[in-house]
Amino acid sequence: MSDRGLAVRPGEPVARAALPVLEPRAWRDAIVADVAAGGRLLALFGAGEAAAPTLHAIHQDRAGQLRWSLAPVRGSWPSLTSECPQAHLFEREIWEASGAVPEGHPWLKPVRRAPGTAASDGAPPFFAVAGDDVHEVAVGPVHAGVIEPGHFRFQCHGEAVFHLEIALGYQHRGVEALLAQGPDRRTLHVVETLAGDTTLGHATTACEALEALLGVSVPPRGHALRALGLELERLANHVGDLGALANDVGFLPTAAYCGRLRGDFLNLTAALCGNRFGRSLVRVGGTGFDVDPERAAAMRDRLAAAARDVRDAVALLFGAPIVRARFEGTGVVTAPAALDLGLVGMAARACGLPRDVRHEFPPLAYRAGRPPLVVLEGGDVMARARLRAEEIERSVGFVDGLLAALPAGPARAAAAWPAPLAPGHAVFGLGEGWRGELVHVLLTDAAGRIERWKVVDPSFHNWSALAMALRGEEISDFPLCNKSFNLSYCGFDL
Amino acid sequence: MIPILRTRLRQGQRTIAFPAAPPALPELFRGMPVVDTARCPDGCRACADACPTQAIAVGSGAEPRVAIDLGRCLFCTECTEACPEGAIRYGQEYALATRRREDLVATGAPLRLAAALDERSRRLFGRSLKLRQVSAGGCNGCESDVNVLNTIVFDLARFGIQFVASPRHADGLLITGPVTRNMRLALHKTWQAVPEPRLVVAVGACAISGGPYLGSAQAHDGAGSLLPVDLFVPGCPPHPITILDGLLRLLGRIPSGTRTP
């Protein structure tokens, strides 16, 4: 089956020479066919010479197997997007970076407008709707609240939104270029800040890929402490989001309580490592901090108290008729649209798709155990809110269980870092951050240095879902819909 | 209504007493770095070599002297782990904000913490400060811990400080992120839209120095290279208390020259 790509698993390095190189048309057709038959695209990116890249695709085939395949590109390749919409941003990204053209791409424009790239000249037009009473609303990049920058362009008829186009790139810091110089002292700190609210998700996923290339084996306690941090990160963000959703419909009790409670979960992470976002918790080889039994017991008490207060705040939220009236049926993404767009994480699970890396391809951090899978139907704001509430319950139980019975032994294995990686190898790490699937793909050169480091944040797939959710909605529901996804700008912009 | 009142009673009053009382900080809190230079071996540069942002300078000569630029410091654990003598640790000191960039270089002497604005500015802003926040490449870490000041825990509004939607309504900007090339224009336009006199607050290592993105071709190494900055709040991200402490010092609500309340 090498004509569909090499069968691969996350965290298992392969020699780069073993990755099959396919003719671009056959490569494209195989991926499109697999995705149409129930597979999906995890990553699609260019590597090698900037102007004539080799395209790398990691996709899931119809049988659920992950496959890695290459296609050399000379100037152009047959675009996947018209038959495989989830490729649309990946192909635009490759074009922007290399100038190589995806022939037949229906909406080819820059993703990040990175100064100095082939596609950055001039302001590309926005999709426009013409006709009587049609008007355009432009918002951003600087928004009303304390929030990252992005531009939203609405085509409206009265209050109804025909179409929303999302233009990002304002946060582009050159993450992948900095990582490609490594591994070095800075590597993990760039990873920890590439989306700061997902510090532990990205750091764990990147470290699992790095450790595979270093031949370092993390002790069980290190994995458990990483899982603990990951679930605390999920708890803090989910609780904060429920408060923010309440705030967006003017239901202030839950907004006020959850605003405080989010901090209680961040402070549990700080109890673990001294930093509310878990900076420096995940290190190559394990974790940089450990907990003694007394601290673990104290954390369990604080967790129980916070969980009790969250239950109260959540009961108020879903018990309020004004909340239900605003949440139910608002911002619907259908399951077929979610499949087409390749949605990941909780946005997909709220559309009835059982997509959760912790269950499909358990990262090492979750091999010993994981919170139960939560999948809800509906695809509306209510489903995304309820999914968070359900996942909070599952994660609280899981975290409590971890703190009660952490595996014995060290939290960290001795590992030279930064150190050369296995030369000429390719590996990818997969993780389930609180938003969804995190992908870190690493290619090393003959000297064991990073030649290409590709990051796919869940927001890369899921911003398209927000655009779909707004179709036919009133423009005044945009903040609510936006918050129900709460996507990352910097994770997208890199 | 009854369940809301019942929950309100159960959840209780949660606003902290700060600055009247000291804040509760985690035991492992990474505040002001403390270096016991008496234990530095001759010629040792382990901490400086380990630092991901070149924040540490080790002096030469008979008496080793370590200077840490808090504007670059990520308050990570690279130096504390690298030191063969265990001579570097993080203290509990959370008051770290300064008015001048050079005052962020910690040499062991007490930091010259932010002094209050002059009399005229304090008359203008002392009891009502409206800020427009601009994230210019911030990772949502600093943004989150700025936003948290609006929660009932910190209740920023009790100090007359508020984040506003329009720069026209603002007295200044609070900037996070290294200032990406793609945000440079938007930041400049937002700053121009703020009526004078206007303040600029730079929060976090990125906004002060570029932080982990120091030297990136896609960013500008912080707000200071583009705008005059009135308050620097170091950290990655700074703890909310460090940000609040800095703002209160700027407004003269925590007297200059005092350490922790």
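**Strands, helices and a contact between chains**

Within chain B of this predicted model, Ile56(B) stands opposite Ile68(B), a residue of strand β3(B). The two belong to a pairing in which strand β2 (residues 56-58) of chain B is joined to β3(B) by three bridges, the strands running antiparallel. On its own account, β3 (residues 66-69) of chain B sends Val66(B) and Ile68(B) one way and Ala67(B) and Asp69(B) the other way, and all of these residues are buried. A further antiparallel pairing links β3(B) to strand β5 (residues 105-106) of chain B through two bridges, and here Asp69(B) has Val105(B) of β5(B) as its bridge partner.

Chain B also holds an open sheet of five strands, which follow one another in the order β7-β6-β8-β9-β10 with parallel pairing. The edges are taken by β7 (161-163) and β10 (231-233) of chain B, and each has a single partner strand, so one side of each is left without a neighbour in the sheet. From one strand to the next, the twist averages 25°. Inside this order, strand β8 (residues 172-176) of chain B pairs with strand β9 (residues 199-203) of chain B in the parallel sense over five bridges, and Leu174(B) finds its bridge partner in Val201(B) of β9(B).

Turning to where the chains meet, helix α8 (residues 293-319) of chain A packs with helix α1 (residues 2-11) of chain B at an angle of about 160°, their axes being 10 Å apart. Because angles over 145 degrees count as roughly antiparallel, α8(A) is roughly antiparallel to α1(B), and their crossing is left-handed. On the α8(A) side the contact is made by Asp309(A), Asp312(A) and Leu316(A), and on the α1(B) side by Pro3(B), Ile4(B), Thr7(B), Arg10(B) and Gln11(B). Sorted by class, this contact has three nonpolar, two polar and three charged residues.

Elsewhere in chain A, helix α15 (residues 478-485) has six of its eight residues buried, so it is largely enclosed by the rest of the structure. The buried residues of α15(A) are Phe478(A), Leu480(A), Cys481(A), Asn482(A), Ser484(A) and Phe485(A). Just after α15(A) comes Asn486(A), which takes a positive phi of about 45°.

Methods: Residues numbered from 1 in each chain as written. Chains lettered and ligands numbered in written order. Predicted model: local features only at pLDDT ≥ 70, side-chain atom pairs only at ≥ 80, totals over all residues. Heavy atoms only, no water. Axes fitted to C-alpha atoms, helices over the stretch in contact; angles between N-to-C directions. Helix = DSSP H or I, 4+ residues; strand = E, 2+ residues; numbered from the N terminus. Parallel < 35°, antiparallel > 145°, perpendicular 65-115°, else oblique. Left-handed = near helix turned anticlockwise from the far one by under 90°. Contact = heavy atoms within 4.5 Å. Nonpolar A, V, L, I, M, F, W, Y, C, P; charged D, E, K, R; others polar. Pairing = 2+ DSSP bridges. Buried < 20%, exposed > 50% of the residue type's maximum accessible area, 1.4 Å probe, protein only.
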